[in-house]
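Here are my notes on this one, written as numbered points.

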Amino acid sequence: MNYLLDNHGRPISYLRLAVTDRCNLRCFYCMPEEGINYVPKPHLLTWEEMERVVRLLVQMGIDKVRITGGEPFVRRGILEFLERINTIDGLRQINITTNGVLTAPLVPDFGRLGIKSVNLSLDTLDRQRFFDITRRDEFGRVWETFEALQAHNIKTKLNAVVMSGKNIEDIIPMAELTRIHNVSVRFIEEMPFNGDGAHEYQEFWNYRKILDELKKHYPGIYKLPDPAASTAYHYQIPGHKGTIGIIAAFSRTFCGTCNRLRITPQGQFKTCLYDDGVFNIKDLLRQGLSDEVVQSRVFEALQHRAKDGFEAEGQRKAGLVSESMSTIGG
Ligand code: SAM
Ligand code: SF4
């Protein structure tokens, strides 16, 4: 087993791989409604290139991969890709983040594909608000995915971005899901990754405000220990089966233990969510470089990693973050 460390002594063991920038929803916080410039197909990493990258990183010490996007299930060939990476020695965990629109019929295959944990994005339990946020009337199919995940005992985290004027009334109903479901409901601060730049709000719902809202309704809510390198603060409501997570994604309180690398659909290698890519791994593969040379570029990039998301954002060549999260993967 190899261990990969960055220049701040943080172990790096987790890759978030965005396999497409295409999506079948248009979430307000992630993408503009129209005028999206998808990456032309030849500029996307192919499945074969992605498999090679995963193999090389696993050899270096990565043992967990999250498949994300865009919406991973809109890209043809995803199931075969999952099947292939499931055979990579040393890859302990393959997880997926999905919007759930196309996912329900695939859930029975997840066990065979090695997918033990799924993050399902769901910001509201109300069909109209779902439409207002995602600009598509797909609440029904997403809920079917939630039910299928529960029925197949797949570990499930529900991700809800908390936004003033959009879904504040959903905080308590979503927290209520933990009463009878063994699910982790995670409330996420909105970040300005929407293809446009920061939204203007009367109030920004940061992690403290989200916790205060939960405490008003559940005075007994208590803190749980957070697993190593977790981005969420974990809580439990007494008597509930599931748990609550709060993710300070914009406040960036978790950078000190960050163990993640990211690769975008066009091959940008990111050592921080807030950087704008430190090199392009697709270009290296297409130059015909050996495994060793590609791995040495990865290693080198990790020796210049920003200490936190504020430093990474300050070092960007392209100015403050505003690109769509569908081109990064979350
Ligand atoms: N399409 C899939 C989905 O929605 O689950 C995977 C990709 S999506 C970019 C990954 C995660 O990023 C989702 O949970 C989504 O809620 C979150 N996300 C997207 N834009 C965000 C933003 N501006 N601020 C906070 N979270 C965001
Ligand atoms: Fe699509 Fe996910 Fe972005 Fe929503 S958050 S637009 S589902 S990529």
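1. A word on handedness before anything else: a crossing is called right-handed if the near helix is turned clockwise from the far one by less than a right angle, and left-handed if it is turned anticlockwise. Keep in mind too that this is a predicted model.

2. With that in hand, look at helix H1 (residues 47–60) and helix H9 (residues 291–302). H1 passes H9 in a right-handed crossing. Their axes are 10 Å apart, and the packing angle is about 65°. Angles of 65 to 115 degrees count as roughly perpendicular, and H1 and H9 are therefore described that way.

3. Who does the touching between H1 and H9? On the H1 side the residues are Arg52, Leu56, Leu57, Gln59 and Met60, and they meet Asp291, Val294, Gln295, Val298 and Phe299 of H9. Sorted by class, this H1–H9 contact has six nonpolar, two polar and two charged residues.

4. Now compare helix H6 (residues 171–180) with helix H7 (residues 207–217). They pack at about 70°, again with axes 10 Å apart, which makes H6 roughly perpendicular to H7. H6 also passes H7 in a right-handed crossing. Here Ile171, Ile172 and Ala175 of H6 meet Glu213, Leu214 and His217 of H7. By class, that contact has four nonpolar residues, one polar and one charged.

5. Staying with H6: which of its residues are buried? They are Ile171, Ile172, Met174, Ala175, Leu177 and Thr178. The cover over these buried H6 residues includes H7, but also H5, E5, strand E6 (183–189) and E9.

6. On to the largest nonpolar core, which has 103 residues; Leu17, Ile67, Phe187 and Leu214 are the ones that touch the most other members. H1 gives the most to this core, with eight residues.

7. Ile67 deserves a point of its own. Leaving out residues up to four places away in sequence, Ile67 touches Leu17, Val19, Pro72, Ile78, Phe81, Leu82, Ile85, Ile94, Asn95, Ile96 and Thr97. Leu17, on that list, is another of the core residues that touch the most other members.

8. Two backbone spots I would click on are Asn153 and Arg252. Asn153 has a positive phi of about 55° although it is not a glycine, and Arg252 likewise has a positive phi of about 55° without being a glycine. Asn153 lies in the loop between helix H5 (139–151) and strand E5 (155–162). Arg252 is in the loop between strand E9 (243–247) and strand E10 (260–263).

9. So are those two buried or exposed? Asn153 has 73% relative accessibility, so it counts as exposed. Arg252 has 8%, so it counts as buried.

10. Last, Gly329, in the segment after helix H10 (309–314). At 6% relative accessibility, Gly329 counts as buried, since the cut-off is under 20%. What does Gly329 touch? Its contacts are Arg16, Ala18, Thr68 and Gly69, again not counting residues up to four places away in sequence. Pro227 is 102 residues from Gly329 along the chain, and their C-alpha atoms are separated by 22 Å.

How values were computed:
Residues are numbered from 1 along each chain as its sequence is written. Chains are lettered from A and ligands numbered from 1 in the order in which they are written. This is a predicted model: local features need pLDDT of at least 70, side-chain atom pairs count only at pLDDT 80 or more; totals for chains, interfaces and linings use all residues. Side-chain values use heavy atoms; hydrogens and water are left out. Axes are lines fitted to C-alpha atoms, for helices over the stretch in contact, and angles run from 0 to 180 degrees between N-to-C directions. Helices (H or I, at least four residues) and strands (E, at least two) are DSSP runs, numbered from the N terminus. Angles under 35 degrees count as roughly parallel, over 145 as roughly antiparallel, 65 to 115 as roughly perpendicular and the rest as oblique. Contact means heavy atoms within 4.5 Å. Ala, Val, Leu, Ile, Met, Phe, Trp, Tyr, Cys and Pro count as nonpolar, Asp, Glu, Lys and Arg as charged, and the others, Gly among them, as polar. A nonpolar core is a set of buried Ala, Val, Leu, Ile, Met, Phe, Trp, Tyr and Cys residues joined through side-chain atoms within 4.5 Å. Buried means under 20% relative accessible area, exposed over 50%, partly exposed in between (1.4 Å probe, protein chains only).
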